[in-house]
Amino acid sequence: MAHEELHLNLRNLRLDDYEQLQVLMDRVYDDIGGAWPKDTIKALVEQFPDGQICIEESGQLVAVALTVCVKYERFSNPHTYDDLILRNEKIWHNANGDSLYGLDVFIHPEYRGYRLGRRLYEARKELCRSMNLRAILAGGRIPNYFKYADQYTPAEYIQRVDRKEIYDPILSFQLSNDFQVTRLMHKYLPEDEKSLGYATLLEWRNILYTPPSPVLSVKKTQVRLGAVQWQMREFTSVEEVLKQVEYFVDALSDYKSDFALFPEFFNAPLMGLTDQLDQTRAIRFLAGFTQQFREEMSEMAVSYNINIITGSMPLIENDRVYNVSYLCHRDGRVDEQRKIHITPHERRDWVIEGGNHFQVFDTDAGRVAIMICYDIEFPELGRIAASQDVDVIMVPFWTDTKNGYLRVRHCAQARAIENECYVVITGSVGNLPKVENLDVQYAQSSVFSPSDFAFPHDAVMAETTPNTEMIMFSDMDLEKLKLVRNEGSVTNLKDRRVDMYELKTK
C-alpha cells in the first residue's frame with residue numbers, strides 16, 4: 001500500500017478489538033502458540049487500559065503493544081515469561097508497580113516498513129513519563145540466533161547485532177529505540193526455538209523519573225533567573241552601594257526570581273574614595289568592605305527569599321588577595337567560589353592570586369557553578385562542572401572593550417553547548433573616570449542554552465540592551481537539560497571518547 005493512502009489512528013485497545021487482535025497474533029506468532037485467550041486480553045484492558053495501545057488503519061487493527069506495570073526490583077533481575085503469567089493465562093499486573101513491562105509489540109506483516117513499531121514505543125515512553133515511572137523493561141526474543149548458534153555464543157551474537165554486523169528483527173529494533181541490554185536470560189521462553197530459549201533483558205530508563213518524596217523536599221525544575229546589568233557610578237559610601245544593591249534585589253524578588261546575579265567587581269567605585277596612585281593599596285582598601293557586603297547581601301537573600309550571587313569582590317586572606325564570589329542562599333547558608341584563573345591585568349596591577357578549589361553548589365533551584373569572568377574562557381572548568389551534573393553556570397564578568405566582552409560571550413556560549421547546560425553572563429556598563437583601570441566598561445548580559453530543538457534557535461534565552469543599566473530575566477527548564485543530554489539531536493556529554501582522553505584534577 002502506498003503511504004499516501006494510509007489513514008493511521010493511534011488509540012487504546014478495546015475489548016471489541018479482540019477478533020481482529022486474535023487474527024493478527026495468530027499470524028505473527030504462529031511459531032510460538034499464536035493468540036492469547038480473550039479472557040487474558042480482557043483482564044489487560046480492564047486492569048490497565050492505558051497500557052494497551054494499538055494502531056488501526058481504516059478500521060483495521062495493524063499494530064499492537066501490550067503492557068503491564070511491575071516492580072523494578074523484581075523484574076530487572078533474571079526471570080522467565082512464565083513469571084508474568086498467572087493461572088488461566090492471566091497476565092501479572094501490579095497496580096503499585098514503579099515500571100512498565102513490555103509484553104509484546106506485533107505488527108501486521110503487510111504494514112512493516114512504516115515504522116509503526118516506533119510509534120508504539122514512543123507512546124509507551126510517553127506513558128512512562130506521564131505516570132512518573134522508573135523505566136520500561138522487556139524480555140526480548142532473538143529470533144535470528146538459531147542461524148548463528150554454531151558460530152557465536154548468545155553474548156557474542158548480541159554484541160554483533162549491537163555493532164550492526166548482524167540484523168535481528170527484534171533486538172535491532174529495540175536497540176534503535178534507545179533500549180539497553182542489561183543481561184542475558186536463559187530459558188525465558190523455552191518454546192521459542194528460533195531464539196533457543198534465550199532472551200535479552202532490555203531497559204529504557206525514564207530520566208525524568210522523580211522518586212516519591214514529601215512535597216516540601218521536591219526541588220524546582222522551572223527556575224527563574226534574574227541578572228543585573230550594573231551601571232558603574234560614583235558612590236560616596238558603602239551604604240549608598242548597598243542601597244542600590246537592595247533596590248535591584250527587591251525588584252528581582254518582586255518578579256519571583258530564584259536567583260539574582262551581580263557582575264564582577266560591581267562595588268569597585270568605592271576605590272574612588274582612596275588614593276589611586278598605588279593600585280595594590282586601592283584593591284586592598286576595597287577588600288576592607290567585603291565582609292560587610294557578604295553579611296548584608298546574605299541578609300537580603302533571606303529577607304527577600306532569593307538566592308544571590310554577589311558578583312565578585314577582593315578578599316584578603318593571609319595577606320594575599322583573591323577575587324571571590326559568594327553564593328548567598330535564601331535559607332541563610334553562604335558558599336564561596338574564588339576566581340581560578342587570574343588575568344594579566346589583575347596579577348600585574350592588583351597582585352591578585354588564583355583560588356585552588358572549584359565546586360558545583362546544590363541550591364533549592366538546581367546545581368550551580370560560578371566562574372568569574374576569565375574562568376569561562378577555560379573549557380576544563382566547564383567540563384568539571386558538567387561531570388558534577390551542573391544545571392547553570394553563573395558568570396559575573398567585567399570587560400572594558402567589545403573584543404574583551406566577545407571573548408567572554410563566545411566562550412560562555414561554547415560552554416553551554418558542549419556541556420549541555422545553561423550559562424548566564426552579567427557585566428557592568430558606564431564610566432568611572434575617578435577609578436584607575438576601571439574607567440570604561442562594556443557589557444551585554446545574556447543567558448545561553450544548549451543548541452537543540454527544545455531551546456531557542458540561536459541558543460540565546462535572553463539578553464540585555466548593550467551598555468544600558470537594566471535587569472534581565474530568563475525562565476529555565478531543568479528537565480529539558482535531562483532530555484537533551486540523553487535524547488538530543490547530538491549528545492555531547494555521552495559521546496565523549498573517554499577511551500582516548502580524560503580530564504584529571506589535582
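Which helix gives the most to the negative patch? That would be α7, with 4 residues. The legends below start there and then move on to other close-ups. This is a predicted model, so local features need pLDDT of at least 70 and side-chain atom pairs count only at pLDDT 80 or more, while totals for chains, interfaces and linings use all residues. Residues are numbered from 1 along each chain as its sequence is written, and side-chain values use heavy atoms, with hydrogens and water left out.

**View 1. A patch of negative charge sits on the surface.** Its members are Glu-239, Glu-246, Asp-250, Asp-254, Glu-295, Glu-296 and Glu-299. Patch residues have over 30% relative accessible area and no salt bridge, with like charges joined within 9 Å and nonpolar side chains (Val, Leu, Ile, Met, Phe, Trp, Tyr) within 5 Å. Asp and Glu count as negative, Lys and Arg as positive, and His and the chain ends are not counted. Two helices, α7 (238–254) and α9 (290–303), each supply at least two residues of the patch. Helices (H or I, at least four residues) and strands (E, at least two) are DSSP runs, numbered from the N terminus. Glu-295 belongs to helix α9, and it counts as partly exposed because its relative accessibility is 41% (buried is under 20%, exposed over 50%, partly exposed in between; 1.4 Å probe, protein chains only).

**View 2. Glu-56 and Arg-11 join their side chains in a salt bridge.** The N to O distance here is 3.2 Å; a salt bridge needs a side-chain nitrogen of Lys or Arg within 4 Å of a carboxyl oxygen of Asp or Glu. Glu-56 is in strand β2 (residues 53–57) and Arg-11 in strand β1 (residues 8–12), so the contact ties together parts 45 residues apart in sequence. Both Glu-56 and Arg-11 are buried. The structure holds 34 salt bridges.

**View 3. Another salt bridge pairs Arg-129 with Glu-487.** Their side chains meet at 2.9 Å, N to O. Arg-129 comes from helix α4 (residues 116–130) and Glu-487 from helix α13 (residues 478–487), distant parts of the chain that are 358 residues apart. With 35% relative accessibility, Glu-487 is partly exposed.

**View 4. Asp-364 and Arg-330 make a loop-to-loop salt bridge.** Their closest N and O atoms are 2.8 Å apart. Asp-364 lies between β15 (361–363) and β16 (366–370), and Arg-330 between β12 (320–328) and β13 (334–338), so the pair ties together parts 34 residues apart in sequence. Asp-364 is partly exposed at 33% relative accessibility, whereas Arg-330 is buried, with a relative accessible area of 15%.

**View 5. Asn-305 and Val-351 have positive phi.** Asn-305 has a phi of about 55° although it is not a glycine, and its spot is the loop between α9 and β10 (307–309). Val-351, not a glycine either, has a positive phi of about 55°. Look for Val-351 in the loop between α10 (344–350) and β14 (352–353); with a relative accessible area of 46%, Val-351 is partly exposed.

**View 6. Val-440 is found in strand β20 (residues 440–441).** This valine is partly exposed, at 36% relative accessibility.

Key. Accessible areas come from the Shrake-Rupley method with a 1.4 Å probe; for residues, only the protein chains shown count as cover. The place of a charge is taken as NZ of Lys, CZ of Arg, CG of Asp or CD of Glu.
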